[in-house]
Amino acid sequence: MTRDLASIARLLGATLVDGGALGPKAPVSSVVPLVDFAVVPHPQFATLVVGHPAEIMTALERDDRRDRLALAVVVVTGPLDDVPDDVTAIVDPDMEPSVVLPTLQALLATDAAAEDRAVLAATKVLALAARRSGVAGVVAELARRLDGWAVLLDRDAQPIASAGAGALHIGDAVAVAFNRPVRVRSRALQVHPVGTDDDMSAFLVVTARSGSTSRARDLSSQAAALLDLLLRTHDGSRTERLGRATMMRVLEDGGPTALSLAREWGVRDRTLAAFTLSARSASVDAERVVIHWLEDLGAPHLLTAAHGTVSGFARDEHVDELARRASAFSVPLHLGLGSSAPIDALAISTEESRRAHDAAVTERRAVVRYRGMPTVELVLDRLSPADARRLTSLLEPLQDADLIDTLRCFLAENGAWGAAATRLGIHRQTLTARVHRIEQLTGLSMSSPDDRAAAWIALRAWA
């Protein structure tokens, strides 16, 4: 509902007499002629009741009719001298009395059609978010569309997902969803059950800071239905991914178990080469890209994915083709390739591919082969255990994993503050604070090329 009482009065060229409890900003939900008026559908939304001055006066003189009209908004098609104190009225429009009702009906119908189109368009976006990001994606997109926040709670009042400022209002969401006697700080909260009364799976609690209340209600209802489908649908691909992740761990551990598992998986090769791949753009599903490549090559899906990075093993004869495809891909990719190794001893190749991938990201190259990597790897390969410990001691003060990840990303992006902050998914000021903390703890200066080089070699040795 985009129309309020004040805007309706301006449109009609009429006078708004604000005597009731709704106020001039009350949203308008419906319009009916006086003869058809029986009850107010919702007390928080204005129902317009249209009638001639004589009809309105007659109705107001009857106590039963007056009580109901006091809950609505009277639209009088002519002048009305005596409006009761507890009645809200729009009086004497600047148009022919016969066209007041059709004008209001057409206006609200147009608004309703626009609302329906907006909800339909937003529902399509929610469906796309569900395909790409599942439950969390739907909740995040809903909060963005409502310009508010959203919280999804399970049947035990535990949060499943939240978006916007939802994480700060879990208590309010639980209170309104489960009718708990707790003071709620937020206003205008809507609760949408996910599921049926007999089989409830969750509760969606939302609030909208701006826009139409009805649009928020309709869109949230659509989101609740979509979430119900997601929460009840078994994801076969998830089971497959879990199986592949387990298999990858066994292969990396090596030994007879890895060799036996590879045979059961249909791998008859004696040797494989490890690879690690990621995309520079978050819009690229790197796992799906690699699976498509392997299907084209008729190769088994020996891979797993985490945080946008895909790790796996490829047949020796497919390594060059993977490199060619990564180089020719429309969006920049980073592919690190390890050396060929026996199936029961793939751990070294796995580590090589990860180091090659780190170098590819750092140097913004599409493909890096470990055997072709320059000085840093040669230095690391020739470090004695004592030298390696002395080098990595630089990082011992950084006990927080976030600081280690921040340092690695900052150096990998060549000290580019904006690119590093985007890659880490944090604000630039947060990145600045973390880098300053790293400098305080380690005594290194990120403005010094020598210190940056020492930090990078220490990180590589630490890994």
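This is a predicted model, so let us begin with one residue and its surroundings.

**Exercise 1.** Find which residues Thr 276 touches, leaving out those up to four places away in sequence. Then decide: is Thr 276 buried or exposed?

*Solution.* 
- Step 1: Thr 276 touches Thr 309, Val 310, Ser 311, His 334, Leu 335, Gly 336, Ser 353, Arg 354 and His 357.
- Step 2: The side chains of Thr 276 and Ser 353 make a polar contact at 2.9 Å.
- Step 3: The relative accessibility of Thr 276 is 3%. Buried means under 20%, so Thr 276 counts as buried.

**Exercise 2.** Work out in what order the four strands of the open sheet are arranged, and which are the edge strands.

*Solution.* 
- Step 1: The order is E7-E6-E9-E8, with antiparallel pairing.
- Step 2: Strand E7 (159–163) and strand E8 (190–195) each pair on one side only, which makes them the edge strands.
- Step 3: From one strand to the next, the twist averages 15 degrees.
- Step 4: Zoom in on one pair: E8 and strand E9 (residues 200–208) are joined in the antiparallel sense over six bridges. Val 191 has Val 205 in E9 as its bridge partner.

**Exercise 3.** Find which helix lies across this sheet, then describe the loop residue Ala 165.

*Solution.* 
- Step 1: Helix H5 (residues 170–177) lies across strand E6 (148–154), E7, E8 and E9, and runs at about 60 degrees to E6.
- Step 2: Ala 165 sits in the loop between E7 and H5.
- Step 3: With a relative accessible area of 23%, Ala 165 is partly exposed, because that class lies between the 20% and 50% cut-offs.
- Step 4: Ala 165 and Ala 150 are 15 residues apart along the chain, and their C-alpha atoms are separated by 7.7 Å.

**Exercise 4.** How do the axes of helices H14 and H16 cross, and which residues make the contact?

*Solution.* 
- Step 1: The axes of H14 (residues 401–412) and H16 (residues 428–442) come within 10 Å and cross at roughly 100 degrees.
- Step 2: Therefore H14 is roughly perpendicular to H16, a class that spans 65 to 115 degrees.
- Step 3: H14 contributes Asp 402, Leu 403, Thr 406, Leu 407 and Phe 410, while H16 contributes Leu 431, Arg 434, Val 435, Arg 437, Ile 438 and Leu 441.
- Step 4: Sorted by class, the contact has seven nonpolar, one polar and three charged residues.

How values were computed:
Residues are numbered from 1 along each chain as its sequence is written. This is a predicted model: local features need pLDDT of at least 70, side-chain atom pairs count only at pLDDT 80 or more; totals for chains, interfaces and linings use all residues. Side-chain values use heavy atoms; hydrogens and water are left out. Two strands pair if DSSP finds at least two bridges between them. Helices (H or I, at least four residues) and strands (E, at least two) are DSSP runs, numbered from the N terminus. Axes are lines fitted to C-alpha atoms, for helices over the stretch in contact, and angles run from 0 to 180 degrees between N-to-C directions. Contact means heavy atoms within 4.5 Å. Buried means under 20% relative accessible area, exposed over 50%, partly exposed in between (1.4 Å probe, protein chains only). Angles under 35 degrees count as roughly parallel, over 145 as roughly antiparallel, 65 to 115 as roughly perpendicular and the rest as oblique. Ala, Val, Leu, Ile, Met, Phe, Trp, Tyr, Cys and Pro count as nonpolar, Asp, Glu, Lys and Arg as charged, and the others, Gly among them, as polar. A polar contact is a pair of N or O atoms within 3.5 Å; within protein, one must be able to donate a hydrogen and the other to accept it, and residues adjacent in sequence count only if both atoms are side-chain atoms.
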